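Student: Could you take me closely through one part of this model, the aromatic side chains and what surrounds them? I would like one connected account, with the cut-offs stated as you go.

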Amino acid sequence: MKGFFDTSVLVPVFYGDHVHHEASLELFIQFDKSTGCCGAHSLAEVFSTLTRMPGKHRISGEQAMLFIGSIRERLSIVALDGDEYANALEATVARGIVGGSIYDAMLAHCAIKAQAEAIYSWNIRTMRCADRKSHAGYVNPEGLRWGC
């Protein structure tokens, strides 16, 4: 099965004391480039999150890049080209999605492009952003499937 990783699953992989660390890491190590992927934008989201965490959890840009390297070693990176991006924006606007949810929608379109069968996320909000044409189901890393 091809799995698509949302940023909400990738970040806990690198924090041993995160509430979702164990389940996220267990899932992450089950995949490789042929079976797992994430959106290119997720790399920037992971970097941003890791370098702005509060207190002792904040890491340097150099450390964050090591974690980004781990993601790139394990997962295929999916990006939309210019036309795909514009088409995804049009489809998203037609569904009434506005504001910051546009980023979740763009990731959902990356999952569609990758032909992912499951989109792994801790954020149930992302489910609203999926294109109904997608056959991917949203699954949290503990195996709970969310229907669209």
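Tutor: Phe-14 is buried, because its relative accessible area is 16% and buried means under 20%, with exposed over 50% and partly exposed in between (1.4 Å probe, protein chains only). This is a predicted model, in which local features need pLDDT of at least 70 and side-chain atom pairs count only at pLDDT 80 or more, while totals for chains, interfaces and linings use all residues. Residues are numbered from 1 along each chain as its sequence is written, and side-chain values use heavy atoms, with hydrogens and water left out.

Phe-28 is likewise buried, with a relative accessible area of 5%. A search of the whole structure finds six aromatic pairs, where rings of Phe, Tyr and Trp (its six-membered ring) pair if their centres lie within 6.5 Å, and planes under 30 degrees apart count as stacked, over 60 as edge-to-face and the rest as tilted. One of these joins Phe-5 to Tyr-120 in a tilted arrangement, with 5.7 Å from centre to centre and 45 degrees between the planes. Phe-5 lies in strand E1 (residues 3-5) and Tyr-120 in strand E4 (residues 118-120), so this pair ties together parts that are 115 residues apart in sequence; helices (H or I, at least four residues) and strands (E, at least two) are DSSP runs, numbered from the N terminus. Phe-5 is buried at a relative accessible area of 0%, and Tyr-120 counts as buried at 7%.

Phe-14 and Phe-28 form an edge-to-face pair, 6.4 Å centre to centre with 70 degrees between the planes. Ring pairs link Phe-5, Phe-14, Phe-28, Phe-31, Phe-67 and Tyr-120 into a cluster. Phe-28 also has a charged neighbour, since Arg-74 lies over its face at 5.7 Å from the ring centre; a charge sits over a ring if NZ of Lys or CZ of Arg is within 6 Å of the ring centre and within 35 degrees of the ring normal.

From the rings we can turn to the charged pairs. Side chains of opposite charge can pair when their charged atoms come close. The count comes to two salt bridges, a salt bridge being a side-chain nitrogen of Lys or Arg within 4 Å of a carboxyl oxygen of Asp or Glu. In one of them, the side chains of Lys-56 and Asp-17 meet at 3.8 Å, N to O. Lys-56 lies in the loop between helix H3 (40-51) and helix H4 (61-74), and Asp-17 in the loop between H1 and H2, so that pair ties together parts that are 39 residues apart in sequence. Both Lys-56 and Asp-17 are exposed.

Glu-84 forms a salt bridge with Lys-113, with the closest N and O atoms 2.8 Å apart. This pair links distant parts of the chain, Glu-84 being in helix H5 and Lys-113 in helix H6 (residues 101-113), 29 residues apart. Glu-84 counts as partly exposed at 28% relative accessibility, and Lys-113 counts as partly exposed at 40%.
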